Amino acid sequence: MIEGRQTELWFTERQTDDVALSLRIAQTLLHEQTAWQELLVVETARYGRMLALDGAVQTTEKDEFIYHEMIGLVPVRSHPQPRRVAIVGGGDGGVVREVLKDPAVQQVTLVEIDPRVTEVARRYFPQIASGLDDPRVELRFEDGIAYIARLQQEVDVLIVDSTDPVGPATGLFGREFYQSAARALRPGGLLVAQTESPYLEPDIMSQALQAMAAVFPKTYLYLASVPTYPSGLWSFGVGSLGTDPRQPGARPLNGHTRYYNEDIHRAAFVLPTFVKELVNGTCQQQSTGE
Ligand code: AG3
């Protein structure tokens, strides 16, 4: 090493052909090919440990709370009786940890296709995986699309915490899956799915919303700011059989949150004009002016 110089290792996610995010790596902890995907765990200099799948950032210790609280708590807090929750994907356990904070939740089924994600999360991300051993939680390592297709009016809240719609997750963004999701829900049930970045993937987002709107009586969109995801602005689509997802309920919450609160819950559904235009006509936010 020449004095004053040091080798730097960087992780780069190519988010589109023209846009990338780079994080400096302090240490590489695990890099392998699972049966389903390329899995990487590194210690980053700024965001703590990070999990990437097929080169895409899934979660970092420093900002995971934002995504997990928002995808997990918005649906369970607005449902009057979210007794049974199913999560498709989300093998790291972050969404499980959040939904368990609501005392009304009695049973959570996590359906993850790749068991390595869960094993690695338990070992390298114990705080994210902390809910997985709760007695209310059932783990299933199988294809979420096939699992949900077998359910008939069995769950109150269905959360899709998937990777981007490439590879195994593609089917989770289509109309056929939303049809079986609607059948899997009990009356009043809610589906929430991560629907990518309105800046960088507007077509994926609006097509997913359109597909939901073709199936569910009501469709909504909400946003959260996630620094390590493409563009930093992230969207979540909601298909509802009746419950209005915009209103948080009054049950006490067991456990602390760092992003989520009742004001954020309501405010997350307030959309900037360019996002409204992208989902024009498909979401309750504009079609009725509510
Ligand atoms: N699932 C959504 C990650 C999508 C990020 N996309 C990307 N980096 N290109 C996250 C799983 C966390 N439980």
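This is a predicted model: local features need pLDDT of at least 70, side-chain atom pairs count only at pLDDT 80 or more; totals for chains, interfaces and linings use all residues.
The ligand sits in the largest cavity. The elements that give two or more residues to the shell around the ligand are strand S5 (56-60) and helix H1 (64-78). Of these, S5 contributes three residues, the most that any element gives to the shell. The position of the ligand can also be described in terms of domains. Residues of the shell come both from domain 1 (2-59) and from domain 2 (64-287), so the ligand lies between the two domains.

There are 14 residues around the ligand, and those that come nearest are Glu13, His68, Asp92, Asp161 and Asp164. Sorted by class, the shell consists of six nonpolar, four polar and four charged residues.

In the side chain of Asp161, a polar atom is placed 2.6 Å from a nitrogen atom of the ligand. For Asp164, the distance between an N or O atom of the side chain and a nitrogen atom of the ligand is 2.8 Å. Val57 takes part through its backbone, with an N or O atom 2.9 Å from a nitrogen atom of the ligand. On its own the ligand has 400 Å² of accessible area, and the protein covers 98% of this.

Two residues stand out by their backbone angles. Most residues other than glycine have a negative phi. Asp54, in contrast, has a positive phi, near 45°. Asp54 is located in the loop that runs between strand S4 (49-53) and S5, and S5 is the strand that gives three residues to the shell around the ligand. Gln153, also not a glycine, has a positive phi of about 45°. Gln153 is found in the loop between helix H4 (144-149) and strand S9 (155-161).

Technical notes
Residues are numbered from 1 along each chain as its sequence is written. Side-chain values use heavy atoms; hydrogens and water are left out. A residue is near a molecule or strand if one of its heavy atoms lies within 4 Å of it. A polar contact is a pair of N or O atoms within 3.5 Å; within protein, one must be able to donate a hydrogen and the other to accept it, and residues adjacent in sequence count only if both atoms are side-chain atoms. Accessible areas come from the Shrake-Rupley method with a 1.4 Å probe; for residues, only the protein chains shown count as cover. On a 1 Å grid over the protein atoms alone, a cavity is a set of points where a 1.4 Å probe fits but cannot get out, and a pocket is an open set with protein on both sides within 12 Å along at least five of seven lines; lining residues have an atom within 4 Å of a point. A molecule sits in a cavity or pocket if more than half of its atoms lie within 2 Å of its grid points. Helices (H or I, at least four residues) and strands (E, at least two) are DSSP runs, numbered from the N terminus. Ala, Val, Leu, Ile, Met, Phe, Trp, Tyr, Cys and Pro count as nonpolar, Asp, Glu, Lys and Arg as charged, and the others, Gly among them, as polar. Domain bounds come from an automatic or database domain assignment.
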